Amino acid sequence: MSDDGERGTPGKGLVQGLAVTLKTMTKRSTTRQYPDVEPELPPRSRGVIALLEENCTVCMLCARECPDWCIYIDSHKEEVIVPGAARARQRNVLDRFDIDFALCMYCGICIEVCPFDALHWTPEFEYAETDVLDLLHDKNRLGEWMRTVPPPPAHDVLGEPSKEEASASRKAAGPGAAKQARANVRRPPSTTAERPPRTEQKPGEPAAGSPQTPQGIGSADTPPEPEK
Amino acid sequence: MPVWLELLIRVVAVVVGFLVLPLLVGQTEHKVMAHMQGRLGPMYAGAYHGWAQLVADGVKFVQKEDITPRDADRGVFRLAPIVALFPYLLILLAIPLGPGSLVAQPLDIGLFFVLAVLGVGVLAVLMSAWASGNKYSLLGGLRGAAQLLGYELPLVLAAASVAMAAGTLSLPGIVEAWKPWWLLWQAPAAVIFFVAGLAEIRRPPFDMPIADSELVFGYLTEYTGLRFAFFLLAEYVGIIVIAALTTVLFLGGWHGPFAAQLGWLWTLVKIFALSFVIIWFRVAYPRLREDQLQRLCWLILVPVALAQLILTAAVKLAM
């Protein structure tokens with residue numbers, strides 16, 4: 001028509017429009033049939049926070065760090081008589097540990113800050129309620145979520161050895177051998193430098209002497225720990 | 001077989017087709033449109049890929065309240081859906097499905113009858129628009145009237161071309177006379193007929209009278225429940241009618257391998273292929289503006305249709 005302007009051949013746009021729709025029709029639809037088919041969540045999805053009650057020492061770090069103050073903790077002290085000890089020890093007992101998911105903004109700071117791994121992310125997300133008050137999960141409910149916590153991602157073969165391994169081998173080697181033991185855990189013997197020997201090693205090859213694990217979800221997602 | 005029984009069978013067959021084919025087209029539209037947009041479309045009704053979606057829709061429409069606006073012209077308002085629907089039923093009577101007597105009512109002036117009855121659709125649009133007592137309806141109705149009157153002309157001219165080529169106005173006669181090379185000879189007329197037919201049934205991209213983004217729903221704004229369902233049904237029967245008329249006039253109806261036994265199948269296959277194209281157009285093209293709509297009709301379709309008439313006459317005289 002008259003307003004074709006710079007678009008060359010008349011009718012080209014019409015044919016292109018038809019081609020686009022036809023091409024889309026032959027492709028697979030991207031619709032996820034959610035209630036019927038469970039969604040495939042990415043690793044480390046933040047669904048709900050689980051509480052491992054035994055690990056909690058009532059240090060209150062999580063409650064204090066929480067940006068919107070949605071963690072409520074009550075506790076009392078108990079005396080524990082340890083046989084053979086000079087006097088009774090004191091222990092904090094958790095009375096109440098509530099997270100109000102109506103307020104929670106899923107920042108994960110409480111989980112980051114917990115020194116004893118009492119809080120964990122789980123990918124469960126189907127806990128919508130018709131009453132907003134029911135979104136306050138008490139410690140029993142938070143404890144039930146523990147069943148859904150996924151196992152931690154596999155260790156990155158190219159990364160630093162884990163702290164547990166490093167300290168265990170340091171202890172085993174005795175005092176004074178710390179530095180060498182640290183280097184021996186997973187490193188090829190040639191490296192004594194502090195930084196991982198990225199330049200000497202092709203990225204595809206695993207480090208010599210380390211267990212070969214496939215580059216799966218966990219290893220791809222875990223960044224190598226920075227050197228202290 | 002007594003005459004009344006034969007008559008009964010033919011009429012019942014047409015009514016069944018009238019009720020089933022639009023549902024098939026509607027379901028196809030749901031699914032095709034969804035997949036062209038990267039969706040899945042209805043998946044629940046009827047358990048298997050939502051095959052019963054339109055049945056469920058029908059049940060829903062029956063349950064809805066039947067509202068007649070206070071300012072509406074009640075009689076006309078209530079009559080309009082029937083006027084929209086009934087002409088298409090009459091047209092289906094005259095469309096030949098296969099060779100021999102596989103047509104509900106063979107008419108010597110079938111083409112004339114079909115085009116005349118198709119024009120009644122304008123009346124339904126105007127009736128519903130005026131009677132609704134709603135400014136959006138009125139605007140939609142006037143747009144519809146301008147569009148339908150305009151596109152009636154290329155539609156009739158294109159049909160006249162093929163009637164001239166076949167030398168008959170009888171629809172079975174035209175299919176009988178059809179030769180494969182007519183596909184080329186009558187190609188412009190076929191395109192014009194199809195496009196004008198799309199405008200005639202107010203399908204996107206020619207849905208300016210409805211234009212839900214600017215006119216609410218045009219002349220359908222005030223309709224609810226069953227009356228609205230009748231209008232929707234009329235739209236889908238309209239798809240069948242336009243596809244069937246294009247098939248019969250320009251694509252050779254039942255012609256194809258084993259036409260003697262499978263003629264009806266060829267007609268149906270062609271009708272559904274064209275219905276698919278109509279749905280495809282709806283997904284691919286945006287709505288034409290009112291001035292573009294009239295420009296396309298008067299500056300392109302009508303001159304080309306007239307040129308096609310001259311070409312047809314010239315070839316006919318030369319032969």
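**Close-ups of a predicted two-chain model**

**View 1. What helix α1 of chain B packs against.** The buried residues of α1(B) sit against α1 (12–26) of chain A and, within chain B, against α2 (53–63), α3 (74–94), α10 (225–250) and α11 (259–284). Buried here means 20 or more other C-beta atoms, placed from the backbone, within 10 Å of the residue's own. Among those residues of α1(B) are V14(B), L21(B), P22(B), V25(B), H30(B) and M36(B). Helices are DSSP runs of H or I, at least four residues, and strands are runs of E, at least two, numbered from the N terminus.

This is a predicted model, with local features needing pLDDT of at least 70 and side-chain atom pairs pLDDT 80 or more, while totals for chains, interfaces and linings use all residues. Residues count from 1 along each chain as its sequence is written, and chains are lettered from A in the order written.

**View 2. Helix α1 of chain B, end to end.** After the helix comes G38(B), with a positive phi near 75 degrees.

**View 3. Where chains A and B touch.** Chain A puts 10 residues into the contact and chain B 13 residues (contact: C-beta atoms, placed from the backbone, within 7 Å).

**View 4. Strand pairing in chain A.** Strands β2 (residues 71–80) and β3 (residues 89–100) of chain A run antiparallel, joined by 10 bridges; pairing takes at least two DSSP bridges. H76(A) faces V93(A) of β3(A) across the pair. β3(A) also pairs with β5(A) (residues 136–137), antiparallel, over two bridges, and there D100(A) stands opposite L136(A).

Methods. Two residues are in contact if their C-beta atoms, placed from the backbone, lie within 7 Å. A residue is buried if 20 or more other C-beta atoms lie within 10 Å of its own, exposed if 12 or fewer, and partly exposed in between; C-beta atoms are placed from the backbone.
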